[in-house]
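Student: Could you take me through a structure feature by feature, giving the general idea before each case?

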Amino acid sequence: MSKKHVLIGISALVAASFNLPVYAQNEATVFEEIIVTATKREQTLQEIPIAVTIVTAEALDKAHVRDIKDLQSLVPSLRVTQLQQTGNTNFVIRGFGNGANNAGIEPSVGVFIDGVYRSRSASALADLPNLERIEVLRGPQSTLFGKNASAGVINVVTAKPNLEEFGGSASLTVGEFSQTIVEADISGPLSDTVAFSLSGSLNKRDGYFTDLSNGDEYNEHDRWGVRGQLLFKPSDKLELRIIADSEEIDEACCGVANLVNGPTGGIVQLIGGQILPEAPFERAQFFDFEPVNEIENSGISLQADYDFSSATLTSITAVRKQSKFENGDVDFTSARLINPNSSDTDIDTFTQEIRLTSSGGGAIDWMIGGFYFDEDVEVNNILTYGQDFRNYADILTVVLGGGTPGLDPSPLGFLEPSLGLPAGTFFAPGQGRFESFGQDNQAISVFGQLDFHMMDDRMTLTVGANYTEDEKDTSADMIVTDVFSSLDFVQIGTGFIFNALTGLPPTPANFALVPTAFGAAVSLSTVPCTASTGPACNSLLALQPLQFMPPFLNFPNAVESGRSKDDDITWTVRLAYDATDNVNVYAGVSTGFKASSWNLSRDSRPFAADLGAINSGGLGLPNLNAGSRFAGPEEAMVYEIGLKARFERASINLTVFEQEIKDFQSNIFLGTGFFLANAGKQSTTGLELEVNYAPVDSLRLSFAGTFMDPKYDSFPLGEGVNGPEDLSGTQVPGVHEISINLSAVYSFEFGSSGSGFVRAEYIYDDNIQIIENVPASVASREVGTFNASIGVAWENGYEAMLWGRNINNDDYLLSAFPSVAQFGSFSGYPNEPRTYGLTVTKHF
C-alpha cells in the first residue's frame, strides 16, 4: 500500500467525518458508549487517543468466539496461530509477535486478564470467563504495561461480582464433532458489603484430524475451568477483589499434514512406514502414537483500590502456576523414527503492581506506579531415536553417498567396525538427549504519565515514561548419548585418507613419520566428494547431515555465565484534540522494549565470539558449532495519526501508523531444530479502519480492515528456502498486507415477548508466503471465510442460537516447516474445517 493511497483514504474519511449528521452530547445514539481501561484509567472508547479495538461480551457471544485464539476473527490486526501442541500458540499484532515452542522466549504481545500479566500463551487459552470486554491495544504499550508489550497488549476484563442482586446463567452447546460445552455462572450479594461470583465451564469435542494408523481423531477439545471471585466494599473508599481460578486441558493435539513428499518419503515406506503424501486438507496422516497435551493453570490475585478523593491507590498482587506436559510425534509418519518427544514444563510466577492515579477533573491528570515480576521456569525434555531409525539411516546414508538402496551397503555397517564399535551402535533405540533447563527471571518497572488538558479541555498533551530492568539467570544440563553425532568426521576422515595414501595405521607416530602424507590427508579431509573431485575427497562428510544430536555444552560454565541483564527507558508523547463534539484526532509516538529471550532448548549453541575461549579453555566438544544462546532485547517504535468519530448512526476509528522493531527476536524451525536470532530491523507502514453504521435501528453494518506493508529492513542472518540467506529488503512472511472483517447484524422482534438477530460475517486475508524457509509454491495462505449465526431470546430469560463457523469450508494453512529429519519434505498445519452447533442459554 503506497503512502499516496493512505493519504487519499485519510482525506476521504476525514471529510466524511465532518459532514456526517451530528448529535448533541446528551442525546442517545444507536451505538452504546463503551468504557475502557486501556490506559489504566476509565475513558470512553472515542476519548482514548490510542489504537485499540474493543470486543464486547455481546459481540463475542453472537460470533461464538470461545477463547482468545478465536478472537482474531473479530480483530484484523491480531493473528493467533496454534502449532504442534495446544500450548504452542503465538500472538501477533500488526505482524509483530513471537513466543511459541520455547519456554525461554516470552511473547511480544502481553496478555492481561483482570490486570494480571499472563507470561506464556498457554496460560491464556482456556474458555473465556464471564466477560465484560476484551481490549486489543495495537503497537508498543511498554510505557504503562512494561515487560513484554513491545508489539501490543490483549487486555481481558471480566465482570465483577454483583452487589445489588442475585443473577446468573447456564448454557449448553452441542455441535459438530460431538461437541458439548456446558457453562454456568452465578453472582450476588452475601451482605451489604460483600458479593461473590462463581463460574465454570466444560468443553469437549472430538477431533477433526484423523490418524490413519488407528482411526483416532486429533485436534480435539477436552478442557474445563472454574473461577471464583469475592468482592469486599466496606466503604465508598475501599474495594477489595479476590479472584481464584483453576483450569485443565487434556487433549490430543495437533495434526500435521505432509505438503511435499521428498525423497525421504520413499525411504520411510521401504522400512515399513506410511505417509499420506501432499493432501493437507484431507486432515489425515499416519502417526505412530497418540500425542499428549496436558496443561494445568491456576492462580489467585488480590486487587485493592483505595480512594483518597484526589487520587486512587491500586494494588494488584498475583501468584500463578502453570504445569505443562507434552508428548508428541515429531516425525509425523507411522514409522517409529523418533520415540515420543516428551516435554515437562513448570512455570511459577509472582507479580505485584502498585499505582497511584489522580481522580481527574483538573488541568493535569497524572499516574505513577511500579511493577515487580518474579518467575521460575523448569523444563525437562527427552528426545531419543526409535526402533526404525537405524534402518532409515542405513538407507539414507546410501542415498547421501550416491549409492543405490538395496544394492550398495550402508556406510554405517563399515564405519562401526572400523572404529572398533559393535554392530548396531549407531542410532540404537533409546539413544538421544535427556535435557534439563532452568530460568530465574526478576524484573522491575517504574512508570509515570501526565495528561495536560488545554483549550477548555479540547486538547490533551500526554507524556509518559517507563524504566524497566530485567535480569535472567539460566542453566542447561543435558546428557547426550547419540554416539554417531559425537563423531568428528574431519578428524576420522584424516585418518582414513592417511591410511589410504600410506597403508599405515593413522597414529600420531606415523603422522610424524610421513608428514607429507599427513598434510595431504588434512587438506583433503575437509573436501566433500562431488562428481568433480574424484577420489580426492572425504566421503564421510556426506554423513554430517545425520548428526542430529551432537554433544551439548552445558551452561553456565567457565566462559558462559548464563546470565543476562537488560534495562531500558520507554516513553510516549501524544497530542489529542477534540475537533468537534463528535470528532477527535490525535498524533503520537511511543516506544517499546522486550528483554533478552534465552534459547532453552537443544538448539542452543555458544556465540561465535565465545568459541575461541571455550576451545582454549578445554571445554570444546566434537561438532560444537557456533549459534546463539539468547536473542538480545527488542526495541520498538511507532508513529501514529488517528481519528475517532461518533455520530448518531455511525462511528469511525482510523489509525495510520509506521511501526518498527529493531533486533526483532526471530525463532524459526530448520527441520532439526530452532534458530533464535535477532533480525536487524522489521517494520511496517499501515492503515487500520473500523466503521460501524446503522442505516436503521434494526441493522448494524461493520467494517474492520488492516492494510500494511511489512518488510525486513535488515535481516542478514535470515533463513531462506535454500538455507542461510540475507533477507534484508524482503516482505515479512506470514504477515498479510490486507486483512478485512465485514459483518452485518439484523435485529428483530416477534410475538409479544420475543426478540432475535441474524448475523453474517466475512473474513478476508490476501495471499502471502507463510514462512521464510518453505517456498511460497508449497505453503502460502489466502483466507476467505464466512461465519453466521441466528439467535432468539424471550423475556423469561431463555435464549437459543444456531451458529456456524467457516461455513464455506475454506481451506488454508496456519503454518509450515521443513519436515523433521526428512530432507526435501515439508509439513504444515491445516486450519479447522466447518463447524456448527446450537447454544441454549437460561438467564436468571
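Predicted model: local features only at pLDDT ≥ 70, side-chain atom pairs only at ≥ 80, totals over all residues.

Student: How many bridges join S22 to S23, and how many residues lie between S23 and S24 in their hairpin?

Tutor: Strand S22 (residues 364-384) and strand S23 (residues 432-454) run antiparallel, with 21 bridges joining them, and Glu378 has Gly438 in S23 as its bridge partner. S23 also pairs with strand S24 (residues 459-480), again in the antiparallel sense, over 22 bridges, and here Ser436 has Asp477 in S24 as its bridge partner. The hairpin formed by S23 and S24 has four residues between the strands, and Met455 in the turn has a positive phi of about 55°.

Student: How should I read the salt bridges, and how many are found in the whole structure?

Tutor: The general idea is that side chains of opposite charge can pair when their charged atoms come close. A search of the whole structure finds 40 salt bridges. One of them brings together the side chains of Arg133 and Glu135, at 2.7 Å from N to O.

Student: Are Arg133 and Glu135 buried or exposed?

Tutor: Arg133 has a relative accessible area of 9%, and it therefore counts as buried, the limit being under 20%. Glu135 is buried as well, because its relative accessible area is 0%.

Student: Which parts of the chain are linked by the salt bridge between Glu832 and Arg205?

Tutor: The closest N and O atoms of Glu832 and Arg205 are 3.2 Å apart. This pair links distant parts of the chain, with Glu832 in the loop between strand S41 (826-830) and S42, Arg205 in strand S12 (residues 194-205), and 627 residues separating them. Glu832 is partly exposed at 29% relative accessibility, whereas Arg205 is buried at 5%.

A further salt bridge joins the side chains of Lys681 and Glu660, at 3.1 Å from N to O. Lys681 lies in strand S31 (residues 674-696) and Glu660 in strand S30 (residues 650-669), 21 residues apart. Lys681 is partly exposed, with a relative accessible area of 26%, while Glu660, at 19%, is buried.

Student: Which residues are linked in a network of salt bridges?

Tutor: The network links Glu106, Arg120, Lys147, Glu375, Asp470 and Lys472.

Student: Which residues form the negative surface patch, and which strands supply at least two residues each?

Tutor: The idea to hold on to is that a patch takes residues with over 30% relative accessible area and no salt bridge. The negative surface patch is formed by Glu248, Asp250, Glu294 and Glu296, with strand S16 (238-251) and strand S19 (292-307) each supplying at least two of its residues. Glu296, which is placed in strand S19, is partly exposed at 44% relative accessibility.

Student: What makes up the nonpolar surface patch?

Tutor: The nonpolar patch covers about 950 Å² and is made by Leu172, Val174, Val182, Leu202, Trp224, Val226, Tyr746, Val758, Ile790, Leu802, Leu838 and Val840. Strand S10 (167-175), strand S15 (221-232) and strand S42 (835-843) are the elements that give two or more residues to this patch. Ile790 lies in strand S38 (residues 780-794), and its relative accessible area of 39% makes it partly exposed.

Student: Finally, where is Pro710 found?

Tutor: Pro710 is in the loop between strand S32 (699-708) and strand S33 (711-714), and it is buried, with a relative accessible area of 3%. Pro710 and Thr37 are separated by 673 residues in sequence, and by 29 Å in space from C-alpha to C-alpha.

Definitions and conventions:
Residues numbered from 1 in each chain as written. Heavy atoms only, no water. Patch = residues over 30% accessible without salt bridge, like charges linked within 9 Å, V, L, I, M, F, W, Y side chains within 5 Å. Areas by Shrake-Rupley, 256 points an atom, 1.4 Å probe, with all protein chains shown as cover. Salt bridge = Lys/Arg side-chain N within 4 Å of Asp/Glu carboxyl O. Buried < 20%, exposed > 50% of the residue type's maximum accessible area, 1.4 Å probe, protein only. Pairing = 2+ DSSP bridges. Lys, Arg positive; Asp, Glu negative; His and termini not counted. Charge placed at Lys NZ, Arg CZ, Asp CG, Glu CD.
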